Amino acid sequence: MLQRDRPKNIRQAVPAMQRILQRFWPQIRQQRSLLTFAGIGLLTEVFARLLAPWPLKLIFDYILIPETHNADLDWPILRSLSPQGLLLVLAIAIVATAGLRAISAYISLVNLSLAASRIITKVRAQLYAHLQRLSLSFHYQTQSGDLLTRITGDIERLRDVTVNETLPLLINTLTLFSMVGIMFWLDWELALIAMAVLPLFIISSTRLTYRIRKVARQQRRRESAMAATAAEAIGAIKVVQALSLESRLERIFSSDNQQSLEDSARTQQLSAGLQRTVEILVAIATAMVLWRGVILVQQGNATPGDLLVFITYLKSAFKPTRQLAKHMAKISKATASGERIVDLLEIVPAVRNKPDAITAPPFQGNIQFRNVHFAYDPDSLPGRLTLENISFQARAGQRIALVGPSGGGKSTLVSLLLRLYDPLAGKILIDGHDIRDYQLNSLRQQISIVLQDSILFGASISENIAYGISHTSSDSTSPRTEIRHGSRSKELKPVSQTDIEQAAQLANAHDFIMALPQGYDTLISERGSTLSGGQRQRIAIARAAIRKAPIVILDEPTVGLDRKSERSVNDALTKLTQNSTTFLITHDLRASKDFDQILYIENGRMLEHGTHSQLLAQDQHYAALYHIQSAVAKSRSTCECLEEPCLHTP
């Protein structure tokens, strides 16, 4: 999904760079003042480089060996000076030229560094925001390690190369063309001799640069694979250790690591080969120019100063070519990184706001599914649909239970209600309006959800609860509560500590929170691993409660909890869902007995629909499953012991 054909040669690389610049042009344009100063500094530095050898020429021709040059000085102001005075002026000129070059280099580097940092910061923020809005189908099909590499490593490589490689390359390129022009002005014959090696240089650099780019792309893929392996192993470390998968994952990681090392070594080898080739070509050009130049001086057709300027320009002009391998290797890697970022930014979310989407009004909670069809992979159709022809209606405040075998489509159904996916056919209506007519944020903000494994963030308990309704808002004038997490602070939508505590009390979480060392300011570890399952669920319920949403989704919220925690969570859920349209996904049919509607879903189809008594009377799938569960529960209840282990096995 994220791969595209990469440039295979320099000619194809130019459109790739243009594509990157075009994609980042809005961010670049915002830094035009800094880039203008950087450009002025760059041109001034090139001018200083051009001036550098001329004081030496004058020293040679008019002070050291004046007999070789009988003409007067071209600058009238210098004609009246004695040799000692002229030497002093030229010595000061050498220092002034070096100072001008240093100051201009400082100006260009500082301004470009600041501009690049600002541009990359904006691009990284845009990339992160874009990732947040890409559809679940994209995230399920893409390795998280690869995405992390793009948002960190690839972005940082662009910034580093812009400052440390692109700027020197621009300076050296301008210097090269300027000095070559002056060389032709001084002596076209010597200039042609110097340029004789240019075709060999172009051929060798083009061939080796293409190979460098190819190996660089392979290395980036290896690094992404390593990041993905590491992220998966760390994220599932409990499973890895429980199944003794450490050695297997280490072998996979080591294999990618070794191949990445080989790619890196190959890149260095190719770069070193290009540098050595360039050095030999420059040496050949220098020898040829010296041979012909000395003859011209001996014939009186040139001065030693002229030859000195020419050789200095030749060395300076071809100096960039000796560094071209290093610059091009890193720029090639950065181009590959830039294309990876642009590829990601150009992915259009499968679920997005319509151009004319409106802000959702406060919902009453009337929900209707009309002939809804859905498949996770529409391209594979015709084939089995994940959901097929689902139709039902829930009135405001009703409780609807979704039951049936695992994999039947229950979680998919509520995901469609949240617009995590869009149906292939049919409509989902809330209060009589198609949910696709509403802006995504305004729709989802009116739906609360409690999952089987609720995710908590590495922040304070207050902040985790406040996430239920809070988001950064720069245009609101309402007072805000600032909730701090360590050294960072976040400006939140108006929410008070009283609101947070009331939500926690509703979720039966206030007492255990106050028993923690720092109460609501207690920092919890990533994913809430420092809390018990019941405590995590009650904080998640508090997060859902503070939203006060008219629609609530409960996805197996009590699975895996002990009986005491289950009772506390169920009591909190009862209070949470009062006066809300509620969807409960459950495998425990006893939990759905008192619900207003029960939907039995199997293999993507709604096979039965009604109340508990109605479905029992039909004596089909639901009734059969309910009788089995009742028998198992009765068998288990006979072996419950108060103080001794139960020895009965049902």
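# Calls and cut-offs in a predicted model

User: What makes the pair of R590 and D588 a salt bridge?

Analyst: The closest N and O atoms of R590 and D588 are 3.2 Å apart. A salt bridge needs a side-chain nitrogen of Lys or Arg within 4 Å of a carboxyl oxygen of Asp or Glu, and the 3.2 Å of this pair meets that limit. The model is predicted, with pLDDT of at least 70 required for local features and 80 or more for side-chain atom pairs, while totals for chains, interfaces and linings use all residues. Residues are numbered from 1 along each chain as its sequence is written, and side-chain values use heavy atoms, with hydrogens and water left out.

User: Are R590 and D588 buried, partly exposed or exposed, and what puts them there?

Analyst: R590 has a relative accessibility of 49% and D588 has 26%. Buried is under 20% relative accessible area, exposed is over 50%, and partly exposed lies in between (1.4 Å probe, protein chains only). Both R590 and D588 are therefore partly exposed.

User: How many salt bridges does the rule give?

Analyst: The count is nine. One of them joins the side chains of R605 and E388, at 3.2 Å from N to O. R605 lies in strand 12 (residues 605-610) and E388 in strand 2 (residues 387-394), so this pair links distant parts of the chain, 217 residues apart. Helices (H or I, at least four residues) and strands (E, at least two) are DSSP runs numbered from the N terminus. R605, at 45%, is partly exposed, and E388, at 29%, also falls in the partly exposed range.

User: What makes D571 and K575 a salt bridge, and where do they sit?

Analyst: The closest N and O atoms of D571 and K575 are 3.9 Å apart, which is within the limit of the rule. Both belong to helix 19, and being four residues apart they are separated by about one helical turn. D571 is partly exposed at 39%, as is K575 at 29%.

User: Why is helix 18 described as roughly parallel to helix 19?

Analyst: Helix 18 (residues 533-545) packs with helix 19 (residues 563-576) at an angle of about 5 degrees, their axes lying 10 Å apart. Angles under 35 degrees count as roughly parallel, over 145 as roughly antiparallel, 65 to 115 as roughly perpendicular, and the rest as oblique; the two helices are thus roughly parallel. The axes are lines fitted to C-alpha atoms over the stretch in contact, and angles run from 0 to 180 degrees between N-to-C directions.

User: Which residues make the contact of helix 18 with helix 19, and how are they classed?

Analyst: Helix 18 supplies G534, Q537, R538, I541, A544 and A545, and helix 19 supplies S565, S568, V569, A572, L573 and L576. Contact means heavy atoms within 4.5 Å. By class there are seven nonpolar, four polar and one charged residues. Ala, Val, Leu, Ile, Met, Phe, Trp, Tyr, Cys and Pro count as nonpolar, Asp, Glu, Lys and Arg as charged, and the others, Gly among them, as polar.

User: Which residues touch the most other members of the largest nonpolar core?

Analyst: They are I461, I465, I513, I541, L576 and Y622, in a core of 40 residues. Helix 18 gives the largest share of this core, five residues. A nonpolar core is a set of buried Ala, Val, Leu, Ile, Met, Phe, Trp, Tyr and Cys residues joined through side-chain atoms within 4.5 Å. Leaving out residues up to four places away in sequence, I513 touches I461, I465, A504, G519 and Y520. A second, separate core has 30 residues, including L387, F392, L443 and F583.

User: How do you know whether F369 is buried or exposed?

Analyst: F369 has 2% relative accessibility and so counts as buried. F369 is in strand 1 (residues 367-374). Beyond four places in sequence, F369 touches I390, S391, F392, L413, L417, K427 and I428.

User: What makes the phi of N508 worth a remark?

Analyst: Most residues other than glycine have a negative phi. N508 has a positive phi, near 55 degrees, and is not glycine. N508 lies in the loop between helix 16 (497-506) and helix 17 (510-514), and is partly exposed at 24%.
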